[in-house]
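Keep it short and sort the points by topic.

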Amino acid sequence: MAATGGRTAASPQLSRQSPGRPPRDGYGVYVYPNSFFRYEGEWKGGKLHGHGKLLLKDGSYYEGEFVDGEITGEGYQHWAWSGNTYSGQFVLGEPQGHGVMKYKAGGYYEGEFFRGLREGQGFLEDQDGQVYQGSFHDNKRHGRGQMIFKNGDKYEGDWVRNQRQGHGVLCCADGSTYEGQWHSDVFSGLGSFAHCSGVTYCGMFINGHPAAQAKKIVVLGPEVLEVFQGSPFTLNVQLQQDDGEVATSESGRTLKISAGVRYVQLPEYSEVSFFKMDEDHKEAPIQTPFGFQCISYPLSIPTSWGLEPGSTVESCRADILLSQGDSETAQDTEAFHGQVDTPSFLPARRHASCPPAACQQVQQGCAEFVDIILGPPPPGMQPFLFLPSALEKTDGRPKGDQSSPEVVPTVQDSPKGPRPDGTAVEPSTAAYLGEYVVMIRDVTTPPFLGHRLPTAFKHLRVLAKGDSQWPHVPEDHPEALS
């Protein structure tokens, strides 16, 4: 946006060969020989001096003060070719000093000028309604200044030739803030970013992006975590960069824990699962990175993650069952292969917050889920166990025999009912033996910088108390015992 829209034409010099002589003193009208200039106003000693109006043939004009034939002092100028106008101080035909420039395209500038350009302190509003107040040099934002952008963001800090550069603070319309170094109009160098989701990043930025940002969720521990039936366990979680280093610069992401139980099918016989689902409880299995699928399973989680003083863990537990919506999210391909991008220029989609007991916030790249217990199967799940003896009976079957192997309900299979000896079966208070999966999902809302981290999976095996090894599974049917 030009400051003046065109330089003021130099004050016309009188020609001795003029057919008509200009007034010498007082008030008079004079048309110059080239017919481009016409002046009417005050004269002194044959020169424009005092108040007058100089009109140009193209429609431009100046009205104001003249000194010794030059446009100098307070005045008003209109440029016909650009439509811009200026009101303020002039020196030798150019805006210089304090003035107001109004632009035909929209917006205005009020402040200091030098030789027709914005120079010094001023206030600029552009045609989009963005406003800047601060220092100018050579017609550009340069030095210290603050600006409000059309999207509502506010910046206060250093500028170099119309770009944010140096140290500055950005307050975004969504509530996010950044304070630190800038270069070429983007975050660059050391800085601190507080996202509207509650996530904070303090560290190095390169070309507008965190240099040590978390890229994945990692659950620490052995490849297969073995726990005893009914015993609590703890999971330690890290947010790691691509190189495996802990993202200690990042805090505040919300991680949600959920679980699944291995879902087994023997297609050569029939559709049989470790847990058979009632018709009303069927759901799409979740694919895991361990070569098998799982279906959602409840976790018993202590609300001691936010306990009041004096409360006990035993009296404060919450059962969390992965909902169908959660299953679909975990089943999505982003769980293993990448991130889900939410364009930053779109409004963030609001998600229902997860139960507080199921969530933990990351602190310096780490989180801990303590005293987790796999609870009893919920209503609608009927456990079945494939016994090796049952499988052995099928070894000699001719190919094509599609009859099912013997499926023996376990003594734990029913929440109630009589045993063979007539005694009642008490409802189970713990998970059955078998293979499970624990999932840690990034549920930060809205997603930090438009990205959510891929879901992390941990393979879990529940053993009977006193067992130190997993029962042998026939190689021909590795999925039989699940």
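Gln213 touches Tyr201, Gln241, Ala247, Glu250, Arg253, Phe448 and Leu449, leaving out residues up to four places away in sequence; contact means heavy atoms within 4.5 Å. Gln213 is found in the loop between strand S17 (209–210) and strand S18 (216–219). Gln213 counts as buried, at 11% relative accessibility. Buried means under 20% relative accessible area, exposed over 50%, and partly exposed in between (1.4 Å probe, protein chains only).

This is a predicted model: local features need pLDDT of at least 70, side-chain atom pairs count only at pLDDT 80 or more, and totals for chains, interfaces and linings use all residues. Residues are numbered from 1 along each chain as its sequence is written, and side-chain values use heavy atoms, with hydrogens and water left out.

**Overall make-up**

- The protein has three helices and 34 strands. Helices (H or I, at least four residues) and strands (E, at least two) are DSSP runs, numbered from the N terminus.
- Of the 482 residues in the protein, 43% are buried.
- Among contacts with a separation of 6 or more, 46% are between residues 24 or more positions apart.
- The accessible surface of the protein is about 24800 Å², and carbon and sulfur atoms account for 50% of that. Accessible areas come from the Shrake-Rupley method with a 1.4 Å probe; for residues, only the protein chains shown count as cover.

**Nonpolar cores**

- The largest nonpolar core has 36 residues. A nonpolar core is a set of buried Ala, Val, Leu, Ile, Met, Phe, Trp, Tyr and Cys residues joined through side-chain atoms within 4.5 Å.
- Which residues touch the most other members of that core? They are Tyr32, Tyr39, Leu54, Phe66, Leu170, Tyr178 and Phe187.
- Beyond its neighbours within four places in sequence, Tyr39 is in contact with residues including Val29, Tyr32, Leu48, His51, Leu54 and Phe66.
- In soluble globular proteins, nonpolar side chains tend to be buried together.

**Nonpolar surface patch**

- Leu190, Met204 and Ile206 make a nonpolar surface patch of about 300 Å².
- Patches are made of residues with over 30% relative accessible area and no salt bridge; like charges are joined within 9 Å, and nonpolar side chains (Val, Leu, Ile, Met, Phe, Trp, Tyr) within 5 Å. A salt bridge is a side-chain nitrogen of Lys or Arg within 4 Å of a carboxyl oxygen of Asp or Glu.
- Ile206 sits in strand S16 (residues 200–206). Ile206 is partly exposed, with a relative accessible area of 49%.

**Cysteines**

- How many disulfides does the structure hold? The count is zero. A disulfide here is a pair of cysteine sulfur atoms within 2.5 Å.
- For Cys172, the closest cysteine sulfur is in Cys171, at 7.7 Å, so the two are too far apart for a bond.
- Cys202 is partly exposed, with a relative accessible area of 46%.

**Backbone exceptions**

- Most residues other than glycine have a negative phi, and most peptide bonds are trans.
- Asp68 is not a glycine, yet has a positive phi of about 50 degrees. Asp68 lies in the loop between strand S4 (61–67) and strand S5 (70–78). Asp68 is exposed, at 51% relative accessible area.
- Arg115 also has a positive phi, near 50 degrees. Its loop runs between strand S8 (108–114) and strand S9 (117–125). Arg115 counts as exposed, at 53% relative accessibility.
- Thr445 and Pro446 are joined by a cis peptide bond, with omega about -10 degrees. Pro446 is in the loop between strand S32 (434–442) and strand S33 (451–452).
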